[in-house]
Amino acid sequence: MTAYIIRRLLLMIPTFIGILIINFAVLRLQGPTLVDQMQAGVGKGGGEGGPGERKAQGAAKDVENYIDRFRRSGLDLPALINLRGFTGRDEVVARLRDSAGDGPNRERPSTRNGIEKDLWLGGPQLVEPLLAVVADDGLATLHAPAALALSYCAYVTVTARDLARMPAQRLNQIQERNERLRNDRIRYTNTAQGFATVDPEATAKRADLLALFAVPGTHAEFTAARATRWSDSLVRTGFCDFMAKLFTAQLYSESRKDYVFSVIADRWYVTFWLNTISIVIAWAGSVLLGIRSARRSGSLEDRVTTSALFLAWSMPSMFFGTLLLYYFCTDTSGSKAWFPNRGLSSDDALWLPTGQYLLDLLWHAFLPLVVLSYNSFTALSRYMRANLLEQLDADYVRSARAKGCGDDAVVYRHAVGNSLITMITLAGGLLADLFSGALIVELIFSIPGLGWLMLDAAIQQDGPLLMGSTVITVSLLLVGILISDLLYAVVDPRIRGRYA
Amino acid sequence: MNGAKWSLLVLTAVLLVYMAVDRWRQPQQLEKVSESIDRLNRALEDLERTNKDLAEQIARKPAFVPTPPPTVGTAPQTGATSATPVADGKERDGNPKLGVNFLIPYDRSYYHPEWQGGTLKLFYDTPRRLNPLTDNSSVSHAVYEVATDGLCDRPVTHPEQWSESLATQVIISDDYKTYTFVLRRGVKWQRPKIAKQPAFAWLDRDVELTADDFKFAIDLTLDPAVDCPSLRNYYEDIDHAEVVDPYTFRMVWKKKTFNSLSASLGLSPIPRHIYGCAADGSPIAKEKLGVTFNQHWFDELRGVAGVGAYMLDEYVPDKVLRLRRNPDYWGVPYHFDTIEWNLEVKNDDAQLIAFKNGQVHYHGLTPLKYKSEVLDHHEARFAALDQADPKAGRKGELAWERSRRMAFSYLGWNIRNPLFADKRVRKAMSHAFPKDRIISEVFFGLGLPVLTDVAPGSQYENTDLKPYAFDLERAKALLAEAGWKDSDGDGTLDKVVDGNKKDFRFTMIYGAHVAELDSMLLIYKNELRKIGVDMQLKTVEFKEMMRVYEDHDFEALVGSWQTDWDVDYFQLWHSSQAEQQGGSNHCGFINPRVDELAVKLRETFETPARIAIVKELQAIIHEEQPYTFFRSSEGILIWQNRGKAAKEQYLDGVDESLDRLNPLIKTSLRRMYWHFRP
């Protein structure tokens, strides 16, 4: 049995990592780009904007702040494979040309913008090829955009944690260099005629930029950061950064300006308990219902239950929940509502005696539990019914009956146990389903849990928070599967036998 | 197993759960008790301080006298003594002028001590860290709106002008490039709640607001390490800020630009004694300030410090944010003792139901909810619509009334596209747009039809403009003039362009998930069909819409803009913004006269001259019709009006605020007129 458990536990590790990799990659495909973030700053001004309303204000010019945010959340690194260390001068030249107004993307400013901003996020790994472009006298037209990209790539982000251990001298050095990079930007336009420098001090700025990197220490610093080994291309990626932060509990949510796990810590248990209880209800309820239906198979009651369950099943929980909210939780001019409309306990619940508190909890949780579990009811109870019917036709049941067992004994002692095997498999997967349901229930009944935290994170495009919540749900899912595997062994003697 | 065994088992389980829960709750209860004791203590302290102040006031006389509304120059100078004599009189009309103090005196008329009390409850939905600069979420704006004040203020009756606030005097000199503020004396920073903890005892003292705190705000905003890129934009033209003496603050701008006015006058201070210090009270070195500010210990403790009417009492993200009255407030407070934001309820339906159940005091309705709740009268407690009486909604047990917002929507025509290059075509499109019908049928009468981007009723509105009335014949004639005729009799207009026959067919792009837009465009499509124009419809998500704007990849689109009290034509209409990456002139409108006027407007400060320029600009844009202007936004404000139960539940003064204040100011500013029914 121990071997069985260990085997299950070991299997969980690759599953866990696999799920995270897939989630991470999918998230990154959709994830925020520098362009999005800068537009979001312009587009949706704070306050009471309606759908799609934009506020007219200039685009932010201080890209460093956005780069800081990206670096803090590891979004500046490529998701799974980082080939920046191998990017040569020619490739950079090609990308700069692609972003030119007279280049191949003449008609698509957004594409040009994307290429340009992507280059800005390149970080220290792109410093060397960019510097080569700036230093090359033959590429005069590209000097200005390359110098701009260079100033962003060579820019060093200092975080609050760095401050604590950084000597003052080093901090000053970094700040001076950042400032100098900022001043050395060559102003230029990018129109249908291509790049054109409009800065009278262009030559001096370029010379200063080259002088800055000619300092031996500086150059060595960026060469070291270039990371040209193949192993680096796997290690210096967004995913590895995420995993490292995950295990050191350093995941930081930019939208909430807080560490992800401290955000989640306040909320996960609400979702966890709601889901666990609703699984128990759904599972136990449908087993009992399934047994009853199977024993009365074909009767009027069976047919009515089946139709009613399918009717419920076809009703989306968003709609059903709202319906319940409108009809059972709303005061009218004449009457008080039957159930509370929000939260899991009353405002003054803390001062109620414990017994009353539990009743209050039950009163609040009743409708959310109904909405969470009614959907799984149908499928589960029908499975149970079908399984049991199958078992009741089996030879061993006939033998039991022939032996003279009573009907109850036949069903409960012999048939039910065997039909539960499938039910246990289903229960493991139920947990995952429930999380998507929890999102809706938590939103409608205003329960501050993990569900709408994830929804909010998705709306805010907050990758770390979304991934942090995913880690929790994935862990719960895996635990659910583990439990169902264990129960499997309990119910099915064949499995026990194999590992005995 | 028999029945007795089972029931014993169940009983034990219940008992265990009961004991576990009981144990689990005890520390929470204890914590709550100590919190309540803290709160009581603070209230006692406040009371003591208020009593002391009152005693001082009585000793000094004259006592507090409510002053009439801000008619020019009549209200007494309050609080401060200004160093230079000020010419009281006609200059103080709130319109910027050189060399004199033009600020309207501080208005104390709306406050009635006898109405004070109660807890105002409302919804807010974005839980965030609260930082005065780096957090530009709406909840943070809303908190600082009541927790702190600016140098000057926009009076709620005429928000296009400026009044005193933390500054009692401003002198603009040097061709509108230098602003010198004289600050109000005796304004104290709020003592944050954490000051009661032994570790933060160094905060438990009175700190007076001085010019340093404003200089600190400017320094932080300009510090490149501080994460406030969009805010910094407003200050990019500033030359320097200086502290002349503790009560005199000066801002010097590099060039004469109208943006400098609200950026200077609207500046809020940042407490140097908190944000300039580490958690142990030692000052932070200048070079570390920017980085530290982004993740400041005070934000991590969820602190807020301002000089405003309310101070933060409790903030539990996603649960509640409670503000309580600042006992040391220098100005006139709102009437509520506490303002409590419910951060739990996010869903629209759930919010409406919580309002109906009396859990919040006011809320808003979307057009569709307005239709079902009020027009179809699904909620009996709302008064039904009465065409004869626009204020009928105030009579219900739950009251409703329209409230306007500073935003307008439009149909934009891409002038770069040959189809819409001819202004006669654009005019025809406007003539074919049944604006009034759509407002009444699709938006259920919400929203005012607009002719330009200036809000109706504003001092800048050009009332001489004639609307493009809905007239299909006129539209047809204009299209014919522009060469569009149905030569092949297929029902769609066509024209020979460069030797090719081209049908009048285009795609209208609009944002997805707005049901009203779907209906509106279907009506328009049908009207256009009648004059032989074929409009296709296409919805896109927000992200794609951003790309469409950026690439100018559209023929026509539905858009909307939020507007501001500072009228500016450069951003939307200057030709440079049509070319620039991500510029806001996405329709490609180019007009030399508009360019010239837009630049001139940015350099003009005197209100009459500005009005003249804006009116001319409106006339040109109205004639050119790059947009078919549609409607200014309007929503429905609902509030707890009257009932039989606890009287504190019911708000008073809401209708008065609607009648007396500028219709375009935010609801959050109207609250100064509100109070609970005595």
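Two residues are taken to be in contact if their C-beta atoms, placed from the backbone, lie within 7 Å. By that criterion, and leaving out residues up to four places away in sequence, Glu550(B) touches Pro109(A), Ser110(A), Asn113(A) and Gly582(B), in what is a predicted model. Glu550(B) sits in helix α15 of chain B, which covers residues 542-551, and it counts as buried because 21 C-beta neighbours fall inside 10 Å, where 20 or more are required. His586(B) is 36 residues from Glu550(B) in sequence, yet the two C-alpha atoms are 7.5 Å apart in space.

The contacts of Glu550(B) with residues of chain A lead on to the interface as a whole, where 64 residues of chain A are in contact with 65 residues of chain B. On the chain A side, the residues that touch chain B divide into 21 nonpolar, 26 polar and 17 charged.

Chain A itself contains 23 helices and 5 strands. Its radius of gyration is 31 Å, whereas the globule rule gives 23 Å for 500 residues, so chain A is more spread out than a compact globule. Along the principal axes, the C-alpha atoms of chain A fill a box of roughly 100 × 65 × 50 Å. Of the 500 residues in this chain, 38% count as buried, and among its contacts between residues at least 6 apart in sequence, 73% join residues at least 24 apart.

Helix α7 of chain A, residues 143-153, is mostly covered, with 11 of its 11 residues buried. The buried residues of α7(A) include His143(A), Ser151(A) and Tyr152(A) as well as Ala144(A), Leu148(A) and Cys153(A).

In soluble globular proteins, nonpolar side chains tend to be buried together. Here the largest nonpolar core has 214 residues, and the members that touch the most others are Ala147(B), Leu183(B) and Ile638(B). Helix α20 of chain A, residues 407-444, supplies the largest share of this core, namely 13 residues. Apart from this core lies another, of 36 residues, among them Val92(A), Leu119(A), Ala144(A) and Leu181(A). As for Ala147(B), its contacts, leaving aside neighbours within four places in sequence, are Val304(B), Gly306(B), Gly308(B), Tyr310(B), Met311(B), Leu312(B) and Leu323(B).

Chain B is divided into domain 1 (2-59), domain 2 (160-303) and domain 3 (406-565 + 625-633). The centres of domain 1 and domain 3 of chain B, taken over C-alpha atoms, are separated by 60 Å.

| Residue | Phi | Loop in chain B |
|---|---|---|
| Arg302(B) | about 55° | between α8 (297-300) and β8 (310-316) |

Note on methods
Residues are numbered from 1 along each chain as its sequence is written. Chains are lettered from A and ligands numbered from 1 in the order in which they are written. This is a predicted model: local features need pLDDT of at least 70, side-chain atom pairs count only at pLDDT 80 or more; totals for chains, interfaces and linings use all residues. Helices (H or I, at least four residues) and strands (E, at least two) are DSSP runs, numbered from the N terminus. The radius of gyration is taken over C-alpha atoms; the globule rule is 2.2 Å times the number of residues to the power 0.38. A residue is buried if 20 or more other C-beta atoms lie within 10 Å of its own, exposed if 12 or fewer, and partly exposed in between; C-beta atoms are placed from the backbone. A nonpolar core is a set of buried Ala, Val, Leu, Ile, Met, Phe, Trp, Tyr and Cys residues joined through C-beta atoms within 7 Å. Domain bounds come from an automatic or database domain assignment. Ala, Val, Leu, Ile, Met, Phe, Trp, Tyr, Cys and Pro count as nonpolar, Asp, Glu, Lys and Arg as charged, and the others, Gly among them, as polar.
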